[in-house]
Each structure stands twice: as structure tokens, then as C-alpha cells.
Amino acid sequence: MGLSTKYSYHQINHGDSARRPKTDPRNVLRRYLLLKYIQYLILPSSNFLASVFGMLGSVYTAVALRSPSISRKSTTVFISHLVQADVLVLIRIAELLQGYTDVKLLAGGPSFLEGLCHNLLNANEHASLLLLSCLSLEVLLITLLPAESRGLRTVRWARLACTLIWVAVLGELAVLQAAESLQRAGLSFHGDHSLDFLLLQGCVWAAPLLRMVSRVLGVLLWLGNAYVYYRVYCRAPLRRKSC
């Protein structure tokens with residue numbers, strides 16, 4: 001009697017575990033995109049705590065992307081690069097840990113590290129916003145021109161777009177960091193016509209223009225992403241309920 005009861009108990013438990021639903025990696029990607037839309041469209045850009053939570057979500061999503069059930073499409077390419085963009089937040093976390101502990105994680109003076117971390121967080125925001133814009137554009141193309149845009153919504157074009165985004169973002173980071181370092185050091189370019197100093201002088205002159213272009217482009221991208229976010233996450237559920 002006792003053995004049969006024990007056997008039936010294990011059999012029921014095995015049946016419950018077999019019927020227990022597993023986490024779908026595609027649902028993880030959807031929640032991650034929703035988290036990123038909220039992070040960059042609703043929360044203030046200077047909220048470091050939101051950046052940390054976004055980075056933790058990126059770590060979880062990086063594990064989900066390794067699932068064999070995830071198809072290798074253009075959307076997956078953009079999401080994988082969105083995950084990689086949060087690596088820049090780790091430098092800021094290392095700088096904070098170095099300030100509160102005696103462990104030297106980063107080399108450089110306090111003012112240099114502060115400026116570097118600020119520029120890295122800006123680079124993370126700009127790269128993430130551009131990648132989200134690519135995903136928003138893809139959603140619009142699927143909604144409005146599904147057949148006509150099939151040739152553009154390929155892995156090849158997605159990788160090319162991600163490469164151009166990283167070149168632009170890292171180039172902006174290098175120019176701003178060089179300009180701030182030179183201004184902080186108080187170096188003068190008068191009488192020096194070497195190629196290195198001409199390039200550094202160009203960085204100092206280009207830095208204000210880059211900041212202005214980044215602000216204007218950021219506002220335009222924010223408006224475009226907000227429209228897609230409203231259309232996809234707000235209007236779509238209402239249409240389903242009305243149907």
C-alpha cells in the first residue's frame with residue numbers, strides 16, 4: 001500500500017513537471033524590447049538606476065539569444081547589438097565601485113574617469129536609441145509594406161546598419177573624449193602645424209557641433225520611437241479587444 005502510494009505520488013509530480021510551461025525565449029525578447037522602450041522613452045536619460053536594470057535585462061536576454069528556438073533574422077541582429085550596447089554601462093559601474101572601495105579597476109585621474117564615464121553613458125544611450133529606431137522602422141515596414149520591404153529586412157542589411165551605428169557612436173565618443181581631455185589639460189595649438197595637433201584641434205572644433213547634432217537627432221528619434229511604441233504596444237491591444 002505504501003509503495004503504491006509513493007509510486008503514484010512520484011508519478012503525479014513527474015506529470016506536473018512535464019506539463020509545467022517553459023519560458024519561451026521569444027517572450028523574453030518581447031519583454032526586453034518593452035523594457036528598452038520604457039527606459040529610453042519614458043524614464044529620464046540621466047537615471048543611472050534605470051541603466052543598471054536595463055543592463056541586467058540585457059544579461060538575461062543574452063542567455064535567451066543563445067536558444068536554438070530563436071531564428072536568426074534581422075530583428076535578432078538588432079536585439080543582439082542592443083544587448084552589446086549595455087556593456088558600456090559596466091565602465092560606469094566599475095568607476096562607482098572604485099570610488100567606494102580601495103580596488104583600482106580603472107586607470108586615470110578622477111576628472112578623466114568622470115568625463116569618460118559620462119561620455120560612455122551618452123554613447124550607450126545614442127547607440128541604444130539608434131538600434132531601437134531600426135527596430136521601429138522594421139515594425140513600420142512590416143505593418144505598412146510587408147511584401148515590398150522584404151528585400152530590406154534581411155540579416156545582411158541589419159548587420160550593415162549596426163556597423164554604421166557603431167562607427168558613428170564610437171567616432172563621436174572618441175572626438176568628445178579627445179576634446180574634453182585637451183581642454184582639461186589646457187593645451188594650446190598656436191605655432192604647431194603637425195598632423196596630430198591638427199587632428200586634435202579638429203576634435204575641439206567639432207565637439208560642439210556633434211553635441212548639437214546629437215541633441216536634435218535624439219529628439220527626432222525619440223518622437224519616431226514614441227509613435228511606434230504607441231502604435232504597437234498601446235493601440236494594438238485595444239484593437240484586439242474591440243475585435
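**First stop: A178**

Select A178 and show its surroundings: leaving out residues up to four places away in sequence, A178 touches L200 and C203, where contact means heavy atoms within 4.5 Å. A178 sits in helix α7.

Before going on, a word on what you're looking at. This is a predicted model, where local features need pLDDT of at least 70 and side-chain atom pairs count only at pLDDT 80 or more, while totals for chains, interfaces and linings use all residues. Residues are numbered from 1 along each chain as its sequence is written, and side-chain values use heavy atoms, with hydrogens and water left out.

**Zoom out**

Switch to cartoon and colour by secondary structure. You'll get eight helices and zero strands, with helices (H or I, at least four residues) and strands (E, at least two) taken as DSSP runs and numbered from the N terminus. Of the 243 residues in the protein chain, 34% are buried, meaning under 20% relative accessible area, with over 50% exposed and partly exposed in between (1.4 Å probe, protein chains only). Take the contacts with a separation of 6 or more: 77% of them join residues 24 or more positions apart.

**Into the core**

Next, select F78, I79 and L132. These have the most contacts inside the largest nonpolar core, which has 32 residues; such a core is a set of buried Ala, Val, Leu, Ile, Met, Phe, Trp, Tyr and Cys residues joined through side-chain atoms within 4.5 Å. Colour α2 (25-41), α4 (74-85), α6, α7 and α8 (195-242) to see the elements that give two or more residues to this core. Which element gives the largest share? That's α6, with eight residues.

Stay on L132 and list what it touches beyond four places in sequence: L33, K36, Y37, Y40, L82 and N225. There is also a second, separate core of five residues, including L176, A179, V204 and A207.

Now click S136, also in helix α6. Is S136 buried or exposed? It's buried, because its relative accessible area is 3%. Leaving aside neighbours within four places in sequence, S136 is in contact with Y37, N225 and V228.

Pick M55 in helix α3 (residues 48-65). M55 counts as buried because its relative accessible area is 10%. Beyond four places in sequence, M55 touches D86, V89, L90 and I93. V89 is 34 residues from M55 in sequence, with 7.2 Å between their C-alpha atoms.

**Last stop: the cavity**

Select N119, N122, A123, H126, V169, E172, L173 and L176, which line the largest cavity. On a 1 Å grid over the protein atoms alone, a cavity is a set of points where a 1.4 Å probe fits but cannot get out, and lining residues have an atom within 4 Å of a point. Helices α6 (110-144) and α7 (155-185) are the elements that give two or more residues to this lining. The volume of the largest cavity is about 40 Å³, counted as the space filled by probe spheres set on grid points joined across faces, edges and corners.

How values were computed. On a 1 Å grid over the protein atoms alone, a cavity is a set of points where a 1.4 Å probe fits but cannot get out, and a pocket is an open set with protein on both sides within 12 Å along at least five of seven lines; lining residues have an atom within 4 Å of a point.
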